[in-house]
Amino acid sequence: MNSNSMHSQFSSPPAQKLWDSILKSIIHHMPEQLFPLLKHIFGKEYPKDTSVELLAAEYAAPGKATPQNLSSIFADVVMRIAGTDLYHLECQTRKDEYMSFRMFEYDTHIALLYGISKEKQTNAAQDIDADRNIPYTLRFPASIILHLDSNGTVSEKSTCRIHLSNTSQILYIVTIVKVQNYSLQQIRENHLTLFLPFTLLRFRPRLNVKRNPVTQKELTVFVNEIIIILKDELLEKYITQRQYKDYINYIRMAADQILIQNPKLHEEVTKMLTPIIPSYSDMEDQITERVTAKVTREVTAKVTSEVTAKVTNEVTTKVTNEVTAKLTGKMTAEFEKKLQDETALLNLKLQKKDSQLLAANSENIKLRALLKTHGIAVGELT
């Protein structure tokens, strides 16, 4: 996806939607960036080329205001990795004491849609205990609440107690990952690069206060460290050149939102995130975009004439080959006949010449004999 077009796509959504949009865009365009987080939280490690399938995140449910009518609920990110493992991510910026119920609602829909599997039971197990004959299993996704903003009162887990009809109960627990609790060093060490666009949120509580406000130096040093992390990730091949540029755009979008009321800080950060001299790949992208549009127009205009010319050339070549073959055959036959005639004539001339030579030689022998009878030596004739 072109970085400029991506920036225009996500530069205008409302503040509460921007963070969801950034997370979804990262996972859509570079899903392997999620793998370090899954390893960090669940200890599950996936190779870089593991398949990631984004699943539908909209589900029909009874309406909250009017339960008799169905409405839609939306999860942020639902995916299946390696063809079997289900994951669910939700972004939060505010504390929500009912979040555990929402997660249970989301995860139930996800499990019913994607987590039903038929189990194989052995005859031995059926003979021992009929209760073991359970044909289906319902697997819930591994879920994470990605809490983006600074809030010390948010706990480490979101939990609710579920009472079942047989009087048993279970605890439904979802891990909460608090992005602002991670230092840039921790993000670097764990390759949690997808956290970087959200790290500027930690400065928001100190932007418009008199006590301990954010200074320009503090903010620029922080942004510079982010850029260094991205360059290191690029150098170590954890991200590509295009992904590096995409992350810069995500961070710029975050700065546009967070620093909107602080023009000086916003200007300084924007300058840091905008290269003074475009890189070769930036210029290549711009040139490619312009050339693609121009070539499309030119190809559309020329395709008919080019096809016509091609057909004409093919027909011309075919006819030329046919005529050449025909003329070559005719001319070869004529040449062979002419050659035969000239050869016969030459043979006649050679035969006549041979006869003349034989006659002359016979006369010469007779003359020599006559001279010899008269006592004249042959050498005297010279």
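Strand E5 (residues 85-92) and strand E8 run parallel and are joined by six bridges; two strands are taken to pair if DSSP finds at least two bridges between them. Helices (H or I, at least four residues) and strands (E, at least two) are DSSP runs, numbered from the N terminus. The model is predicted: local features need pLDDT of at least 70, side-chain atom pairs count only at pLDDT 80 or more, and totals for chains, interfaces and linings use all residues. Residues are numbered from 1 along each chain as its sequence is written, and side-chain values use heavy atoms, with hydrogens and water left out.

Within E8, leucine 146 is the bridge partner of cysteine 91. Leucine 146 also stands opposite valine 177 in E10. E8 pairs with strand E10 (residues 169-178) in the parallel sense, over four bridges. Five of the six residues of E8 (residues 142-147) are buried, that is, under 20% relative accessible area, with exposed meaning over 50% and partly exposed in between (1.4 Å probe, protein chains only).

The open sheet has six strands in the order E1-E4-E5-E8-E10-E9, with mixed pairing. Strand E1 (52-54) and strand E9 (157-163) form the edges, each pairing on one side only.

Strand E4 (residues 77-81) pairs with E5 in the antiparallel sense over five bridges, and histidine 88 in E5 is the bridge partner of valine 78. Helix H3 (residues 35-42) packs on the sheet, touching E1, E4, E5, E8 and E10; contact means heavy atoms within 4.5 Å. Helix H4 (residues 99-114) also packs on the sheet and touches E4, E5, E8, E9 and E10.

How values were computed. Axes are lines fitted to C-alpha atoms, for helices over the stretch in contact, and angles run from 0 to 180 degrees between N-to-C directions.
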